[in-house]
Amino acid sequence: MTETAILSSSTSLRIVTFDFPLKVGNATIESVQVRKPASGELRGTTMMALSQLDYTALETLLPRITTPQLTKHDIGQLDPADFMQLGGEVMDFLLPKSAKDAASPTT
């Protein structure tokens with residue numbers, strides 16, 4: 001499992017490498033870019049559902065913020081561990097900076 005920030009730890013674009021690559025037609029998707037959603041891209045979901053990594057909420061949001069674009073069908077075919085990786089990135093994007101700072105204070 002590899003998650004790589006492209007610019008920095010606070011970047012709005014990350015790469016998620018799948019533990020179990022996704023077969024889409026004749027292609028194999030081994031990783032996707034996930035970008036921080038804009039507020040309008042959250043329509044049709046709730047912050048509560050996303051914070052609980054609700055399948056339906058993530059199935060709605062992920063096609064809007066992944067490259068290559070994952071379809072609802074693709075998301076349904078993901079290994080649960082890979083689905084959790086994507087959900088974890090979404091969660092990290094939605095946390096305010098103050099919550100991230102409080103979770104990992106520097107000494």
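Good morning. I shall begin with the largest nonpolar core of this predicted model. That core holds 21 residues, and those that touch the most other members are Phe18, Val32, Leu62, Leu70, Leu78 and Leu86. At least two residues of the core come from each of β2 (13-24), β3, α1, α2 and α4. The greatest contribution is that of α2, with five residues.

Let me take leucine 70 as an example. Leaving aside residues up to four places away in sequence, leucine 70 touches Phe18, Leu22, Ile29, Val32, Pro63, Ile75, Leu78 and Leu86.

I turn now to α2 itself. This helix spans residues 55-65 and is mostly covered, with eight of its 11 residues buried. The buried positions are Ala57, Leu58, Glu59, Thr60, Leu61, Leu62, Pro63 and Ile65. What do they pack against? Their partners are β3 (27-35), α1 (47-51), β4 (66-67), α3 (72-77) and α4 (80-94). At the start of the helix, the backbone nitrogen of threonine 56 has a side-chain oxygen of aspartate 54 within 3.2 Å.

Finally, the pairing of α2 with α4. Their axes come within 11 Å and cross at roughly 75 degrees. An angle from 65 to 115 degrees counts as roughly perpendicular, and α2 and α4 are therefore roughly perpendicular to each other. On the α2 side, the contact is made by Tyr55, Leu58, Leu61, Leu62 and Ile65; on the α4 side, by Phe83, Leu86, Gly87 and Val90. By class, this contact comprises eight nonpolar residues, one polar residue and no charged residues.

As a general point, nonpolar side chains tend to be buried together in soluble globular proteins. Thank you.

Terms used. Residues are numbered from 1 along each chain as its sequence is written. This is a predicted model: local features need pLDDT of at least 70, side-chain atom pairs count only at pLDDT 80 or more; totals for chains, interfaces and linings use all residues. Side-chain values use heavy atoms; hydrogens and water are left out. Buried means under 20% relative accessible area, exposed over 50%, partly exposed in between (1.4 Å probe, protein chains only). Helices (H or I, at least four residues) and strands (E, at least two) are DSSP runs, numbered from the N terminus. Contact means heavy atoms within 4.5 Å. A polar contact is a pair of N or O atoms within 3.5 Å; within protein, one must be able to donate a hydrogen and the other to accept it, and residues adjacent in sequence count only if both atoms are side-chain atoms. A nonpolar core is a set of buried Ala, Val, Leu, Ile, Met, Phe, Trp, Tyr and Cys residues joined through side-chain atoms within 4.5 Å. Axes are lines fitted to C-alpha atoms, for helices over the stretch in contact, and angles run from 0 to 180 degrees between N-to-C directions. Angles under 35 degrees count as roughly parallel, over 145 as roughly antiparallel, 65 to 115 as roughly perpendicular and the rest as oblique. Ala, Val, Leu, Ile, Met, Phe, Trp, Tyr, Cys and Pro count as nonpolar, Asp, Glu, Lys and Arg as charged, and the others, Gly among them, as polar.
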